[in-house]
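Dear colleague,

I am passing on the structure we spoke about, with the sequence alongside. Please have it open while you read the notes below.

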Amino acid sequence: MQKHRESINILGIETSCDETASAVVADGRIVKSSVVASQDKLHEKYGGVVPEIASRAHIEQIYPVISEALRQAGAPKEDIAAVAVANQPGLTISLVVGVTAAKTLSFMWEKPLIAINHLHAHLQSAMLSEQELKLPAVALIVSGGHTCLYECESALDLKLLGSTVDDAAGEAFDKVAAILKLPYPGGPSIEKAAEKGNPKAVRFPRSMLGKDSLDFSFSGIKTAVLYHCRGQDMKGRDKVDNMDEQEIADIAASFQEAVVDVLVKKTERAVKKIGAKTVLLGGGVAANTLLRIKLQQLCDGFSAGKKHGRGGDAGNGPIQLLIAPKKYCTDNAVMVASLAYHKFKAGLFADLSLEAFAQGQ
Ligand code: KG4
Ligand code: ZN
């Protein structure tokens, strides 16, 4: 009889921004537990994440969150094969809380430590369900701090094709929500307001940069919304207080449409450039329904042979679209533990000198 292979359980820890999260994932895809303590309420009144407040909240939450993840997974420490932590990019004073906790557990339990890039982990959320990825893949990561396009040859082999030259897509959602006086976090608020709005009401600019550019720029559209609400010279009265619900909805819908147009167009360029067979979508903004629908339409267009890329007349052929489940779009530790499984198998371990870094795409 074949001997049953023991599964590899990895404890993941995530504290890169304003969510304290921990999870246990077996063999990179079986979620045994996922605990997320959100700090939205703490940052709400500031309209954005305050690093000092975030760091302090992580310190308070890290122990209960990890304990709860282990409890829900029913996994004693003997059953944990490794401890993984997101150590970049993010707010260093937040990251360092997770890194310190992970190093402590790794040392006490005598288990290997695995360092994870937070953005690459977001991408992993889109691969959770897929056994066989058709390669090459284009990966679009859209979060509060980053907007990146990658060429993906495997979970561990990512090449940056383009990124934002100014604001990230999620940051633009958050800032425009603040202009429209909608609650924080901005992405879900804009999406909700946009449901009743006309996306053609205001023609906001779509910044495509150069003809072949795979980089992004979202500060122009944010400024356009600001001018629309406060007048070109910014000397006018803030009109938002006098706008009715429909007007706010129209601006939200028009802004959302413009950002999604840019994201989809750039993804199309990347797909054509590398002859991609798969598109992967992850990060907080990936929860946006319009983005999910429009990327599906893009991939359907390629699959139907209506769009042509490197393959010339034959087009790219069918393109599969893999999107992170909504609950794993925003920050979580499942994505950390899941990516760590691939590093575990490749023997890519960190040591106790591991540090936190603000940058790192
Ligand atoms: O990935 P994430 O949780 O944190 C970072 O790594 O930054 O992304 C958070 C971002 C925020 O800017 C939030 O407004 C945005 O994702 N977001 C959305 C939606 N849900 C979250 N943006 C657009 N539509 C959504 N439904
Ligand atoms: Zn994130």
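Predicted model: local features only at pLDDT ≥ 70, side-chain atom pairs only at ≥ 80, totals over all residues.

As for the geometry, α4 spans residues 118-127 and α10 spans residues 334-346, and their axes come within 8 Å and cross at roughly 95 degrees. Because angles of 65 to 115 degrees count as roughly perpendicular, α4 is therefore described as roughly perpendicular to α10.

**The ligand and its surroundings**

You will find that ligand 1 is surrounded by 18 residues, of which His122, Gly144, Asp174, Gly187 and Glu191 are the closest.

A polar atom in the side chain of glutamate 191 lies 2.6 Å from a nitrogen atom of ligand 1, while an N or O atom in the side chain of asparagine 288 is 3.1 Å from a nitrogen atom of the ligand. Glycine 170 contributes through its backbone, where an N or O atom lies 3.1 Å from an oxygen atom of ligand 1. Taken alone, ligand 1 exposes 550 Å², and the protein buries 90% of that area.

**Backbone details in the loops**

The peptide bond between glutamine 88 and proline 89 is cis, with an omega of about -20 degrees, and proline 89 sits in the loop between β4 (80-88) and α3 (92-109). A cis peptide bond also runs from tyrosine 184 to proline 185, with omega near -5 degrees; proline 185 is in the loop that lies between α5 (169-179) and α6 (186-194). The loop between α5 and α6 is also the place of lysine 181, which has a positive phi of about 60 degrees although it is not a glycine.

Technical notes
Residues numbered from 1 in each chain as written. Chains lettered and ligands numbered in written order. Heavy atoms only, no water. Axes fitted to C-alpha atoms, helices over the stretch in contact; angles between N-to-C directions. Helix = DSSP H or I, 4+ residues; strand = E, 2+ residues; numbered from the N terminus. Parallel < 35°, antiparallel > 145°, perpendicular 65-115°, else oblique. Near = heavy atom within 4 Å. Polar contact = N/O pair within 3.5 Å; in protein donor to acceptor, adjacent residues only side chain to side chain. Areas by Shrake-Rupley, 256 points an atom, 1.4 Å probe, with all protein chains shown as cover.
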